[in-house]
Amino acid sequence: MTILLEDLEAEVAKLKQEASSAIAAVDTLASLDELKVTYLGKKSQLSQVSRSMGQLSASDRPRIGALINEAKVAIQEQFERKRQDLQQAQIQTQLASETLDVTMPGVYRPIGRVHPINSTIDRAIDIFVGLGYTVATGPEMETDYYNFEALNTPPDHPARDMQDTFYLPDGNLLRTHTSSVQIRYMEANEPPIRIVAPGRCYRRDEVDATHAAVFHQIEILAIDEGLTFTDLKGTIEIFLEEMFGEELPVRFRASYFPFTEPSAEVDLQWRGRWLEVMGCGMVDPNVLKKVGYDPEVYTGFAAGFGVERIAQVLHQIDDIRRLYASDLRFLRQF
Ligand code: DAH
């Protein structure tokens, strides 16, 4: 079978045309590379045409050779141009996706605030820690023993009344004060002791402007050899002065608590009025005995106060219920 020059010429022209349309249709660099192998690789049709050149007459060969070369160069150039176009397009796409519109409004992040109950607790703790006290805590669900019995509270004491205490079906109760932490801490530790114990308490109080069924207390306990009522007075006076930011008139009024003897209530003069701010006293020897401390060796003092009460005074909050209403108009003031 003889091969005619015209046939090869037509074949080269056809391949050139085909390559051209195929290159135009490609839209990724990967398929462009594949296409290059198809049209310019060793097994390409153009290479096959080159190989069949040998069958032409010597005079025809240079002509078809030049034609094939010219076709290869042209196809090569198209590949290069297409490669640049695709790379350029890729860069443009990437740039577009990474564009940052600096004029767009930012993301609004509301700034939180410390709730006045927490800030009052934090402040009181800071003061006592400064005096060498350690923070202690206890459970909100308590046994009768820790909430009453170990605190020398007799069975007929009104605080044990169903009217005042939330008793749970299993016989436990919700602690009515943080004084229970005194017992738990003394049971687990040896004197000397200096603790400040903040926490939530529960009472079946009628809720009004000054009473809540759930409220917070901070308990103080110091046990050591030779502690006296003078230490108690000095500690409380320093605490109140730091808490209220000025030295206000303070008075200790004789009172009664089952777990302290003697006991006192502390009043603070604030804007011309005497306010009752805490209960305190020397730890009753019966309480020390209950936890295995020798009352002949150790003495101590304790105090407890309501956090809400102090927060109300400090921030002039007229109604305790505002502290639990989660009203942002109120909370944003702090
Ligand atoms: N637990 C008492 C109450 O809830 C407050 C109190 C009084 C605590 C005297 C004390 C204390 O530690 O010594 O009313």
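These are my notebook entries on a predicted model of one protein chain.

**Overall layout**

The chain divides into domain 1, residues 5–98, and domain 2, residues 116–331. I then looked up the separation of the two: their centres, taken over C-alpha atoms, are 92 Å apart.

**Helices α3 and α4**

Next I went to α3, which covers residues 45–52. I noted L46, S47, V49 and S52 as buried there. I wanted to know what covers these residues, and the cover includes α1 (5–25), α2 (29–40) and α4.

That took me to α4, residues 61–98, where I picked out R83. Is R83 buried or exposed? Its relative accessible area is 18%, and the cut-off for buried is under 20%, so R83 counts as buried. Leaving out neighbours within four places in sequence, I found R83 in contact with L29, L32, D33 and K36.

**Nonpolar cores**

I looked for the largest nonpolar core and got a set of 41 residues. Which of them touch the most other members? I wrote down F239, L240, F244 and M278. The elements that each supply at least two residues of this core are α5 (116–130), β5, α8 (229–244), β7, β8, β9, α10 and α11 (328–331).

I followed up F244. Apart from residues within four places in sequence, F244 is in contact with R123, L268, W270, I310, V313 and L314.

There is also a second, separate core, with 22 residues. A19, L32, V49 and I64 are among them. Two of these names were already in my notes: V49 as a buried residue of α3, and L32 as a contact of R83. As background, nonpolar side chains in soluble globular proteins tend to be buried together.

**Largest pocket**

I turned to the pockets. The largest has a volume of about 1,300 Å³. Its lining holds 48 residues, and those nearest the centre are R203, F215, Q217, E276 and G306. I listed the elements that give two or more residues to this lining: α7 (179–188), β5 (214–224), β6 (250–257), β7 (260–270), β8 (273–283), β9 (299–306) and α10 (307–315). Which element gives the most? It is β8, with eight residues. By residue type, I have the lining down as 21 nonpolar, 16 polar and eleven charged.

**Second largest pocket**

The second largest pocket holds about 220 Å³ of space.

Q312 has 10% relative accessibility, against a cut-off of under 20%, so Q312 is buried. Not counting residues up to four places away in sequence, Q312 touches A209, I317, D318, D319 and I320.

Last, I looked at N118, which sits in α5. N118 comes out at 40% relative accessibility, between the 20% and 50% cut-offs, so I put N118 down as partly exposed. I also checked N118 against E308. They are 190 residues apart along the chain, and their C-alpha atoms are 9.9 Å apart.

Technical notes: Residues numbered from 1 in each chain as written. Predicted model: local features only at pLDDT ≥ 70, side-chain atom pairs only at ≥ 80, totals over all residues. Heavy atoms only, no water. Domains from an automatic or database assignment. Helix = DSSP H or I, 4+ residues; strand = E, 2+ residues; numbered from the N terminus. Buried < 20%, exposed > 50% of the residue type's maximum accessible area, 1.4 Å probe, protein only. Contact = heavy atoms within 4.5 Å. 1 Å grid on protein atoms, 1.4 Å probe; cavity = no way out; pocket = protein on both sides within 12 Å on 5 of 7 lines; lining within 4 Å. Points joined across faces, edges and corners; volume = space filled by probe spheres on them. Nonpolar A, V, L, I, M, F, W, Y, C, P; charged D, E, K, R; others polar. Core = buried A, V, L, I, M, F, W, Y, C linked by side-chain atoms within 4.5 Å.
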